[in-house]
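Take a look at the fold below.

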Amino acid sequence: MPVYSMTGYASARHGATVAGAESGARVAPARRLGLEIRSVNARFLDIALRLPDELRAAEPLLRSLLTARLKRGKVEVRVALDNEDSHHLQDPQPKLLQRLNSLQDSVLAWLPGATPLSVADALRLCATPQTGSEDGSQAIAALAEQALDALMAAREREGQRLVGALLERLWQLRKLTQQAAPMVPALVEQQRQRFLERWKEAMALTDGATLPEAARERALTEATAFALRIDVAEELTRLDAHLDEIERLLKKGGEAGKRLDFLIQELHREANTLGAKSAALDLTRISVDMKVLIEQMREQVQNIE
């Protein structure tokens with residue numbers, strides 16, 4: 001299955017015509033639909049619909065289509081309904097004009113300071129073509145399917161780009177892990193020998209007096225415990241395991257975003273522990289390089305569905 005990004009844009013226009021309703025002896029001009037879908041990353045699926053008032057009845061259908069194909073992301077859908085001939089103006093009906101005049105007189109009687117209606121206001125209020133809800137829903141459904149196909153294709157292309165970037169950083173992290181692995185036994189032994197040398201120096205300062213055997217054993221035990229505390233072999237093993245799982249999820253595809261985000265957190269935790277337990281400058285540098293790569297991966301993973 002492909003990996004989808006949550007970021008994408010698609011539009012569908014001129015795909016369907018909604019006929020205007022009859023208005024007296026005249027017929028309102030046909031109106032053409034346009035639909036746009038924008039999506040960005042989000043933890044869950046968040047849908048915002050922007051529809052003209054005359055097409056509000058299609059909102060449940062749109063939500064059903066979107067939830068069937070999108071799982072995560074903040075999705076905004078805008079539907080525009082325009083006249084085919086932008087220069088065409090309907091003659092307002094006399095009854096509507098009389099009604100507007102009567103309403104204006106009533107409002108001005110109660111609110112003398114109110115602004116009277118302009119010609120543009122009157123034309124806008126009189127221009128109320130209605131669309132059949134069935135025809136409008138069918139047209140919106142056709143446009144939504146077309147736009148969703150384009151959106152999914154765009155999200156898939158962006159998802160493949162994200163997968164490529166993540167695999168590249170996985171390869172770099174594996175190289176850093178391979179560089180760190182041979183350092184661990186040498187560093188442990190180096191710290192143990194350093195402790196023993198300091199122990200011998202301390203013994204030389206006792207003017208020949210011998211310490212009890214119990215004290216010597218305790219010192220050796222503490223030296224061994226310290227060596228274990230700086231041993232990062234376990235962290236490197238877990239890092240390898242997490243990298244393997246991330247690679248498996250990327251190749252498998254599907255809805256992997258939340259699981260990948262969790263694994264990135266685990267990678268960051270192991271890299272932090274590696275830096276905290278580091279007893280050598282080279283290992284500290286490797287830890288810093290790892291955290292930079294992991295942070296870059298976190299930014300990419302947050303866009304995956």
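Start at Ile246. Leaving out residues up to four places away in sequence, Ile246 touches Leu170, Leu260, Leu263, Ile264, Leu267 and Met297. Contact here means heavy atoms within 4.5 Å.

This is a predicted model, in which local features need pLDDT of at least 70 and side-chain atom pairs count only at pLDDT 80 or more, while totals for chains, interfaces and linings use all residues. Residues are numbered from 1 along each chain as its sequence is written, and side-chain values use heavy atoms, without hydrogens and water.

The largest nonpolar core has 30 residues, and Leu173, Ile246, Leu260, Leu267 and Met290 touch the most other members. Such a core is a set of buried Ala, Val, Leu, Ile, Met, Phe, Trp, Tyr and Cys residues joined through side-chain atoms within 4.5 Å. Buried means under 20% relative accessible area, with a 1.4 Å probe and protein chains only. Helix 4 (133–180), helix 7 (233–252), helix 8 and helix 9 (281–301) each give two or more residues to this core. Apart from it lies another core, of 28 residues, including Leu33 and Val75.

Now follow helix 8, residues 257–277, to Gly257. Helices are DSSP runs of H or I with at least four residues, strands are E runs of at least two, and both are numbered from the N terminus. Gly257 counts as buried because its relative accessibility is 2%. Beyond its neighbours within four places in sequence, Gly257 contacts Arg72, Val301, Ile304 and Glu305.

Finally, step back. The chain has nine helices and six strands. Of its 305 residues, 37% count as buried.

Notes. Buried means under 20% relative accessible area, exposed over 50%, partly exposed in between (1.4 Å probe, protein chains only).
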